[in-house]
Amino acid sequence: MKLLYKLFNRKKLLLISVVLIIAMVFETFQQLFYIKRFNLNDSVTFFELFKNQFYRWIMWSFSGIPLLFFIYKDVHKETENTRIIKYCAIIFLSVFVNILLIASISMLSNSDSFSFHKFYSEYFLFFTFQKVPICTLGYIAVTIILFLNFQKELLEIEVQDLADIKRINQELYNKLSLTNANKAKVLSIKVGNKIKIIPVDTIIWIEADDYCANVHTKENPSYSMRASLKSLELKLSDDFLRVHRKSIVNMKMAKELKLVAKPYLLLSNNEEILVSKSNIRVVKSYMDKQ
């Protein structure tokens, strides 16, 4: 019942009920027409015939429940080459069970004494010829509709998952773009009456000097600029680590970390920059990731 509730909401159940009632009414009128047309029984009424059609279509519905479960389970599997054969087999079984139930109930309702020959010749064969075509076509239609419906739901779930992945990736991209956009690519340093543009990838390390900072580069010994290490640390990319209260190092320029009594970084220009004990873990973590 939980699976039925999961598969069919109120609108779907209402639609199925309406379709079944229309089918019952149509077949009742059809049967009534033939009875009146060939003067088979003048006393029969619409409601007597409808009662018989009602239980037969109810039997048809219940006989098709295993087909519903099979389609639901099967459509969630990978592509199966024998799927059509399986569907044909379960449709045949559903039709057989349906005819068997209808014939049994009809025989019981007529209070006939049971014999296999009478059951087979008067009831089972009669309903086989009368009901098998319409029952089979009905199950085939239900199979196609349910299979396509379940596949559509699976595709909707996949599309939603892809949309969520796209949204998460877009948010991550925007966050990283914003982070990178806020990181300086160059430093503007005043040298005399001129402004010197220093690409950050040429910087080896930065040294605190009172209220100034000495920027050591590959090309020149150093440039002095009016800035604190804290403000520069926020501007520069993650490759620049604060290794000491007086120094920031471009880790791309570091050759190795010396873990001696006073730890230090050996840089590409062979300078040695002290690393405070509180920053050793950060430096080691960065170097382990490279």
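**Reading the calls in a predicted model**

Helix α8 (residues 280-289) lies across β8 and β9, at about 130 degrees to β8. Angles run from 0 to 180 degrees between N-to-C directions, with axes fitted to C-alpha atoms, for helices over the stretch in contact. Contact means heavy atoms within 4.5 Å. Helices (H or I, at least four residues) and strands (E, at least two) are DSSP runs, numbered from the N terminus.

This is a predicted model: local features need pLDDT of at least 70, side-chain atom pairs pLDDT 80 or more, while totals for chains, interfaces and linings use all residues. Residues are numbered from 1 along each chain, and side-chain values use heavy atoms, without hydrogens and water.

User: What span is expected of α5 at 1.5 Å a residue?
Analyst: The rule is 1.5 Å times one less than the number of residues. Helix α5 (residues 83-109) has 27 residues, and 39 Å is expected. From first C-alpha to last, α5 reaches 39 Å, close to that value.

User: What joins β1 to β2?
Analyst: Strands pair if DSSP finds at least two bridges between them. Antiparallel strands β1 (residues 186-191) and β2 (residues 194-199) are joined by 6 bridges. V191 stands opposite K194.

User: Which strands form the open sheet with β9?
Analyst: The order is β8-β9-β10, with antiparallel pairing. β8 (254-258) and β10 (272-274) each have a single partner strand, so one side of each lacks a neighbour in the sheet.
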